[in-house]
Amino acid sequence: MKPTRASTLVSVALVAAVAGFALDAVLASRQAPTLFLSTPLGATLTLIGVAVVLMARPVRRHARDGASRQRAVDPLYATRVVVLAKASSIAGALFGGFGAGLLVYVLTRSALPPLGSVLPNAVAVGGGAVLVVCAIVAERMCIAPPPGDDDDDLPRGGTTAN
């Protein structure tokens with residue numbers, strides 16, 4: 001499985017930001033109230049990011065220390081953690097980008113918005129960014145180091161002497 005690309009996350013965030021901006025613009029043009037994300041969303045996204053990193057710690061310890069000091073990590077568990085980290089990074093980019101689009105729309109209006117309408121979206125953008133960073137860190141923690149040189153019995157040149 002290949003690591004998550006930054007270009008993928010940036011493109012997801014940009015599409016979500018445009019969608020959030022457009023949604024708020026359509027709502028405002030129809031005289032409907034604009035959309036605000038809830039403040040606990042940012043905190044929840046942050047807690048999910050921390051949980052993903054904590055789930056990746058046993059995999060990292062096993063990959064770093066080897067099987068000599070502790071029991072082996074279930075390969076399915078490691079795979080699930082990597083897939084969860086990839087999904088979390090995309091979800092964080094999606095939520096953060098959408099919140100950024102809503103925030104940009106509110107801040108670009110001619111009237112100065114009250115803090116109560118800016119803060120929830122700003123917290124959601126921050127929570128999405130924290131989730132993306134934590135998910136990328138967790139994904140990198142699950143990368144196994146390359147196999148070591150097991151050719152210690154061979155001479156320096158790499159060939160056997162006859």
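This is a predicted model: local features need pLDDT of at least 70, side-chain atom pairs count only at pLDDT 80 or more; totals for chains, interfaces and linings use all residues.
Reader: Why are α3 and α4 called roughly antiparallel?

Author: Helix α3 (residues 75-107) and helix α4 (residues 115-141) pack at an angle of about 155°. Angles over 145 degrees count as roughly antiparallel, so α3 is roughly antiparallel to α4. Their axes are 7 Å apart, and α3 passes α4 in a left-handed crossing.

Reader: What makes up the contact of α3 with α4, by residue class?

Author: The contact residues divide into 17 nonpolar, eight polar and two charged.

Reader: Why is the pair K86 and E139 called a salt bridge?

Author: The closest N and O atoms of K86 and E139 are 3.8 Å apart. The cut-off is a Lys or Arg side-chain nitrogen within 4 Å of a carboxyl oxygen of Asp or Glu, so the pair qualifies as a salt bridge. The structure holds one salt bridge. It links distant parts of the chain, with K86 in helix α3 and E139 in helix α4, 53 residues apart.

Reader: How do you know whether E139 is buried or exposed?

Author: E139 has a relative accessible area of 4%. Buried means under 20%, so E139 is buried.

Reader: What makes Q31 count as exposed?

Author: Q31 has a relative accessibility of 72%. The threshold for exposed is over 50%, and therefore Q31 counts as exposed. Q31 lies in the loop between α1 (6-29) and α2 (39-65).

Reader: What is the phi of Q31?

Author: Q31 has a positive phi of about 65°, although it is not a glycine. Most residues other than glycine have a negative phi.

How values were computed
Residues are numbered from 1 along each chain as its sequence is written. Side-chain values use heavy atoms; hydrogens and water are left out. Axes are lines fitted to C-alpha atoms, for helices over the stretch in contact, and angles run from 0 to 180 degrees between N-to-C directions. Helices (H or I, at least four residues) and strands (E, at least two) are DSSP runs, numbered from the N terminus. Angles under 35 degrees count as roughly parallel, over 145 as roughly antiparallel, 65 to 115 as roughly perpendicular and the rest as oblique. A crossing is left-handed if the near helix is turned anticlockwise from the far one by less than a right angle, and right-handed if clockwise. Ala, Val, Leu, Ile, Met, Phe, Trp, Tyr, Cys and Pro count as nonpolar, Asp, Glu, Lys and Arg as charged, and the others, Gly among them, as polar. Buried means under 20% relative accessible area, exposed over 50%, partly exposed in between (1.4 Å probe, protein chains only).
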